[in-house]
Amino acid sequence: MIKDLFGPLYRCFKQANLLTFYKLSFFYGNKPRYQIVEDIKFNGFQIDIVDGPSFVWQYKDIFVDNCYSFSPTSSMPVIYDCGANIGLSTLFFAKYYSGARIVAFEPDRNVFNVLKNNFIKNQFSNISLVNKALWIHSNGIGFFADGADGGFISQHNESLVESVRLRDLLLLEEKIDFLKVDIEGAETDVILDCSDQLHKVDNIFIEYHSFRCEQQRLSKLLGALEERGFRYRLQSISKIDKPFVNKNWRTSMDLQLNIYGYRL
């Protein structure tokens with residue numbers, strides 16, 4: 001009864017990370033966007049951020065909702081963090097999977113410099129940082145940097161960045177315990193390109209983006225997971241009221257999903 005009446009307050013005391021989220025939201029959630037803030041302390045970390053609002057919602061997803069928690073079958077799991085941004089997810093992996101070998105990829109040069117500095121500050125040694133975009137070849141690719149967590153591969157060549165083919169990396173691995181793919185619209189091309197190597201992956205997280213001006217390819221993405229024996233769950237993060245009426249919603253995306261793929 002008391003828990004029902006004072007639900008949010010009860011959960012705050014029950015979950016230290018939820019209380020931390022509210023504190024971070026108060027101090028940084030309404031900060032002007034795309035501004036660097038240095039030396040934020042939370043959960044035993046000290047980091048710099050590039051954008052207050054995206055930082056606090058990343059914190060909630062990762063440390064409150066535990067969206068990347070998994071049960072490894074080895075004491076030394078291999079984790080690929082594709083689309084690491086400033087490193088919140090990588091810090092989560094480094095803290096809670098201390099024996100892991102972690103490889104983190106971030107194409108945005110300015111964001112990568114913050115990511116690199118954050119790991120120097122927090123003194124983790126089991127992490128390799130790669131300043132490249134995950135793509136279907138290693139010849140370089142156009143990239144649009146938004147200064148926060150929404151940079152994406154662009155065929156308009158706003159800025160050329162180095163790229164690396166995920167399939168080539170998977171060919172060198174015997175097993176990947178966790179593959180996180182949060183690469184802002186490039187996920188379907190990259191996953192389809194490396195689908196013949198997905199049997200090496202135990203757990204996969206994919207943030208799927210559907211842009212109104214492009215063909216929807218969710219079925220192909222899920223088909224690739226099914227073909228390689230994954231079970232999956234979908235979680236929508238783009239709720240739209242009256243979807244049959246509001247077909248042209250205010251953003252360029254008409255669907256955004258979290259896909260959690262795993263094996264039983």
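Reader: In which sense do strand β7 and β8 pair, and over how many bridges?

Author: Please note that this model is predicted. Strand β7 (residues 141–144) pairs with β8 in the antiparallel sense, and two bridges connect them. Within β8, Ile153 is the bridge partner of Phe143.

Reader: In what order do the strands of this open sheet stand?

Author: The order is β8-β7-β9, three strands with antiparallel pairing. Because β8 (152–153) and β9 (160–161) each have a single partner strand, they stand at the edges, and one side of each is left without a neighbour in the sheet.

Reader: Where do side chains point in a regular strand?

Author: In a regular strand, the side chains alternate between the two faces of the sheet.

Reader: Which strands are joined to strand β14 (residues 253–262)?

Author: Strand β12 (residues 201–211) runs antiparallel to β14 and is joined to it by eight bridges. Here Tyr208 stands opposite Leu257 of β14. Strand β13 (residues 231–236) also runs antiparallel to β14, with six bridges between them. In that case Leu234 has Ile259 in β14 as its bridge partner.

Reader: Let us turn to a helix. Why does Thr90 count as buried?

Author: A residue is called buried when its relative accessible area is under 20%. Thr90 has 0% relative accessibility and therefore counts as buried. This residue, Thr90, lies in helix α5 (residues 88–96).

Reader: Which residues does Thr90 touch, not counting residues up to four places away in sequence?

Author: With those set aside, Thr90 touches Asp81, Ala84, Ile102, Ala104, Phe119 and Ile127.

Terms used: Residues numbered from 1 in each chain as written. Predicted model: local features only at pLDDT ≥ 70, side-chain atom pairs only at ≥ 80, totals over all residues. Heavy atoms only, no water. Pairing = 2+ DSSP bridges. Helix = DSSP H or I, 4+ residues; strand = E, 2+ residues; numbered from the N terminus. Buried < 20%, exposed > 50% of the residue type's maximum accessible area, 1.4 Å probe, protein only. Contact = heavy atoms within 4.5 Å.
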